[in-house]
Amino acid sequence: MNIFLRVLCLIIGYMFGLIETGVLYGKLKGVDIRKHGSGNLGMTNALRVLGPKAGLVVFIGDLLKAFIPCLIVNIVFRNIYEDTYMLYVLYTGLGAVLGHNFPFYLKFKGGKGISSSAGAIIGLLNPWMCLILLCIFTIAVLITKYVSVGSIVLMISFITVYVIFALNGLLCFDRAIPDSCAAMYESFVPAALLTILAIIRHKDNIKRLIHHSENKLSFHKH
C-alpha cells in the first residue's frame with residue numbers, strides 16, 4: 001500500500017483545482033461572479049451571469065484543471081503500475097475536485113465540481129465510459145431542462161458504470177492478481193466520493209427542484 005503516492009496524487013490534484021476559472025474570467029470582465037446569480041464559481045452561474053462564451057470558457061477551464069493532472073498521472077503511472085494506475089488517476093481527480101469545491105484562499109467556498117469531475121472521468125482515458133456518460137448527461141438535460149438534474153444523474157451514472165466496467169474486466173485491473181484486485185475495490189472509494197460530493201454540493205438545487213423553483217437551462221445573461 002503506497003500511501004505516499006495516494007497523498008501525492010491528492011495534493012497534485014488539489015493544487016490544480018485551486019485555479020478558479022470563473023473568478024479569473026469574471027475579473028477580466030470586471031465582475032465578481034461570487035456576488036451575482038447563485039454566487040457559484042462554476043459554468044452554470046457563469047453562463048447565467050456573463051453569457052454563453054463565459055459559460056464555455058469556465059467549463060473548459062474547470063474541466064482541463066482536472067483532466068491535465070489526471071492525464072499526466074495516467075501516462076506516467078500506466079507503465080509503472082499497469083494494473084492499478086487508474087486508482088491513482090482517481091485520487092488525482094478527487095484532489096482536483098476538492099480544490100475546486102474548497103479553495104483555501106477563497107475561504108473554502110468554490111464551485112460544485114461537475115466540470116472538474118468530468119475532467120477526471122475523461123482522464124481515465126476510457127472512451128466507452130465517456131461516451132455512455134455523455135449520452136446520459138445530454139439526455140437528462142434535454143428531457144428535464146435542468147443542468148443540476150443532468151449533473152446529479154451524470155455522477156450517479158459514473159459510479160454505476162465505473163463499478164460495472166471494473167467488475168467485468170473493462171478497466172486496467174486484473175482480479176486474478178491480489179494487489180490489483182485490492183486496488184480495484186479501493187478505487188470504488190474515490191469514485192464514490194466524487195459522486196457523493198456532487199450530490200452534497202447540489203443540495204440547494206435539490207431543494208429547489210422539490211419546490212419547483214430551480215432555474216431551467218438558459219443561454220441568456222441575467
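Predicted model: local features only at pLDDT ≥ 70, side-chain atom pairs only at ≥ 80, totals over all residues.

Colleague: Does histidine 212 count as buried or exposed, and why?

Modeller: Histidine 212 counts as exposed because its relative accessibility is 71%, and the cut-off for exposed is over 50%.

Colleague: Let us turn to helix packing. At what angle do α1 and α4 pack?

Modeller: Helix α1 (residues 3-17) packs with α4 at an angle of about 150°, and the two axes are 8 Å apart. Angles over 145 degrees count as roughly antiparallel, so α1 is roughly antiparallel to α4. The crossing of these two helices is right-handed.

Colleague: Which residues make the contact between α1 and α4?

Modeller: From α1 the contact uses Leu5, Cys9, Ile12, Phe16 and Gly17, and from α4 it uses Lys65, Ile68, Pro69, Val73 and Phe77. Sorted by class, the contact of α1 with α4 has eight nonpolar residues, one polar and one charged.

Colleague: How should I read a nonpolar core?

Modeller: In soluble globular proteins, nonpolar side chains tend to be buried together. Here the largest nonpolar core has 38 residues, of which Leu124, Met129, Met155, Phe158, Tyr162, Leu171 and Phe173 touch the most other members. At least two residues of this core come from each of α1, α4, α5, α6, α7, α8 (147-167) and α9 (178-201).

Colleague: Which helix gives the most to this core?

Modeller: That is α5, with nine residues. Another core, of 11 residues, lies apart from the largest one; among its members are Val31, Leu41, Leu50 and Ala54.

Colleague: What does leucine 124 touch, leaving out residues up to four places away in sequence?

Modeller: On that basis, leucine 124 touches Asn74, Met86, Val89, Leu90, Met129, Phe158 and Tyr162. Consider also glycine 123, in the loop between α6 (114-122) and α7 (127-144). Glycine 123 counts as buried because its relative accessibility is 0%. Beyond its neighbours within four places in sequence, glycine 123 is in contact with Phe67, Cys70, Asn74 and Val89. The C-alpha atoms of glycine 123 and isoleucine 75 are separated by 9.8 Å, although these residues are 48 residues apart along the chain.

Colleague: Where is threonine 84 found, and does it count as buried or exposed?

Modeller: Threonine 84 is in the loop between α4 (52-78) and α5 (85-101). With 11% relative accessibility, threonine 84 counts as buried, since the cut-off for buried is under 20%. Not counting residues up to four places away in sequence, threonine 84 touches Cys172, Phe173, Asp179, Ser180 and Ala183.

Colleague: What is isoleucine 114 in contact with, leaving aside its neighbours within four places in sequence?

Modeller: Isoleucine 114, which is found in helix α6, is in contact with Ser151, Leu154, Met155, Ala198 and His202 when those neighbours are left aside. Isoleucine 114 counts as buried, because its relative accessibility is 14%.

Notes: Residues numbered from 1 in each chain as written. Heavy atoms only, no water. Helix = DSSP H or I, 4+ residues; strand = E, 2+ residues; numbered from the N terminus. Buried < 20%, exposed > 50% of the residue type's maximum accessible area, 1.4 Å probe, protein only. Contact = heavy atoms within 4.5 Å. Axes fitted to C-alpha atoms, helices over the stretch in contact; angles between N-to-C directions. Parallel < 35°, antiparallel > 145°, perpendicular 65-115°, else oblique. Left-handed = near helix turned anticlockwise from the far one by under 90°. Nonpolar A, V, L, I, M, F, W, Y, C, P; charged D, E, K, R; others polar. Core = buried A, V, L, I, M, F, W, Y, C linked by side-chain atoms within 4.5 Å.
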